[in-house]
Amino acid sequence: MGFFDKMKDTLKKIKEDNKYFARTTARINGNNLYGNVNYRPGKVDPNEDFRNLSYVNVENGKGIIYNVSDEDYIFAPGDIVTFTLAGDGHALSAKDANGNQAQIPTLRFNVEFKDGKKTTMDINIHKLDAFKATFGL
């Protein structure tokens, strides 16, 4: 493989890895962000059902797990079969009304969906009741 072929492959990989970058950035900065999914910095486990450091939103009554590289995973009320408290989660960083950086506490839950996928979710404690109500938990 020549130099230009390697460059072409590298650029293709970068494009693929950043396929959903703009959409993800807009969602993270919106009011629909409920928390993180698989918040585990460090080595990525290829056997995980969801990419480390993904996000979870609630939009139009459905949950969305997303990141910059993968297709959305959409779940509806009734799709969560296990939602068990695992302890404190990793705080979310957000801007307050004055534009200052704030840390929002979360609680971590072990979650299993009816299709068998499993993950952990760190849910914003201020949105936890709304999350539970939306998904009948």
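Which side chains meet in a salt bridge of 2.6 Å, N to O? Those of R108 and D122 do, and the views below start with that pair. Everything here comes from a predicted model, where local features need pLDDT of at least 70, side-chain atom pairs count only at pLDDT 80 or more, and totals for chains, interfaces and linings use all residues. Residues are numbered from 1 along each chain as its sequence is written, and side-chain values use heavy atoms, with hydrogens and water left out.

**View 1. R108 and D122 meet in a salt bridge.** A salt bridge here is a side-chain nitrogen of Lys or Arg within 4 Å of a carboxyl oxygen of Asp or Glu. R108 is in strand 8 and D122 is in strand 9, 14 residues apart, so this pair links distant parts of the chain. Strands are DSSP runs of E with at least two residues, helices are runs of H or I with at least four, and both are numbered from the N terminus. D122 is buried, with a relative accessible area of 0%, while R108 is partly exposed at 21%. Buried means under 20% relative accessible area, exposed over 50%, and partly exposed in between (1.4 Å probe, protein chains only).

View 2. D79 sits in the loop between strand 4 and strand 5, and K114 in the loop between strand 8 and strand 9, 35 residues apart. D79 counts as buried at 17% relative accessibility, but K114 counts as exposed at 60%. Side chains of opposite charge can pair when their charged atoms come close.

**View 3. F83 and F109 are a stacked aromatic pair.** The structure holds 11 aromatic pairs. Rings of Phe, Tyr and Trp (its six-membered ring) pair if their centres lie within 6.5 Å; planes under 30 degrees apart count as stacked, over 60 as edge-to-face and the rest as tilted. For F83 and F109, the centres are 4.2 Å apart, with 10° between the planes. F83 lies in strand 5 and F109 in strand 8, so the pair ties together parts that are 26 residues apart in sequence. F83 is buried at 18% relative accessibility, and F109 is buried at 4%. Ring pairs link these two into a cluster with other residues, including Y34, F50 and Y73.

**View 4. K127 has its charged end over the ring of Y34.** That end sits 5.0 Å from the ring centre. To count, NZ of Lys or CZ of Arg must be within 6 Å of the ring centre and within 35 degrees of the ring normal. Y34 is also one of the residues in contact with N124, leaving aside neighbours of N124 within four places in sequence. Contact means heavy atoms within 4.5 Å. N124 itself is in strand 9 and counts as buried at 6% relative accessibility.

**View 5. The largest nonpolar core has 18 residues.** A nonpolar core is a set of buried Ala, Val, Leu, Ile, Met, Phe, Trp, Tyr and Cys residues joined through side-chain atoms within 4.5 Å. Among the residues with the most contacts inside this one are V56, I65 and F75. Elements giving two or more residues to this core include strand 1, strand 2 and helix 3.
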